[in-house]
Amino acid sequence: MPIRHYSSVRVLFLVSVVAGALALGGCGSDSSKTAGTSTAASSTAAATSGPRTPATMTVDVVDMKFSPAALTVKTGDTVTWKFEDKAPHAVQGIGDVAMGINSPIIHKGEWSYTFTVPGTYRYLCPLHPDMKGTITVE
Ligand SMILES: [Cu+2]
């Protein structure tokens, strides 16, 4: 799992490098006089706080557990639980913060939730309370 995380970060980095190169090319041909300062500023902004495409992360529900049990996402990301176990399960938030998280009982299928507020969301399967997971939204 750390390897997988590392490689996706690396892909994102490569994508932003390519996007930055494209932006530089576009600006350079139109306004060569201001390219020196303005492109440097905009590429820095894009790398740190530019618009980000929301991602969808997956939690597998299989073998009586949520996998991964702890998942960190960014604000605006969607988490999709994929139910593929022999037994039916559900996703139910624990506590006030996670109150909106409440899936139907699903045997085979998917259920998604989009996290718009940063925080730590704990949840369990109401049918098997030993099955627990946490979504951390940054
Ligand atoms: Cu369950």
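Modeller: Gladly! This is a predicted model, and a search of the whole structure finds six aromatic pairs.

Biologist: Why is the pair of F66 and Y123 called edge-to-face?

Modeller: The ring centres of F66 and Y123 are 4.8 Å apart, with 75° between the planes.

Biologist: What makes F66 and Y123 a tie between parts of the chain?

Modeller: F66 sits in strand β2 (residues 65–67) and Y123 in strand β7 (residues 119–125), so their pair ties together parts 57 residues apart in sequence.

Biologist: How do you know whether F66 is buried or exposed?

Modeller: Buried means under 20% relative accessible area. F66 has 3%, so F66 is buried. Y123 has 0%, so Y123 is buried too.

Biologist: And why is the pair of W81 and W111 called tilted?

Modeller: The angle between their planes is 35° and their centres are 5.6 Å apart. Stacked needs under 30 degrees and edge-to-face over 60, so the rest count as tilted. W81 belongs to strand β4 (residues 78–89) and W111 to strand β6 (residues 106–114), so this pair ties together parts 30 residues apart in sequence. Both W81 and W111 are buried.

Biologist: Which residues do the ring pairs link into a cluster?

Modeller: F66, W81, W111, Y113, F115, Y121 and Y123.

Biologist: What is V59 in contact with, apart from its neighbours within four places in sequence?

Modeller: Its contacts include F66, W81 and Y123. V59 lies in strand β1 (residues 56–62), and its relative accessibility is 0%, so V59 counts as buried.

Key:
Residues numbered from 1 in each chain as written. Predicted model: local features only at pLDDT ≥ 70, side-chain atom pairs only at ≥ 80, totals over all residues. Heavy atoms only, no water. Phe/Tyr/Trp six-rings, centres within 6.5 Å; stacked < 30°, edge-to-face > 60°. Helix = DSSP H or I, 4+ residues; strand = E, 2+ residues; numbered from the N terminus. Buried < 20%, exposed > 50% of the residue type's maximum accessible area, 1.4 Å probe, protein only. Contact = heavy atoms within 4.5 Å.
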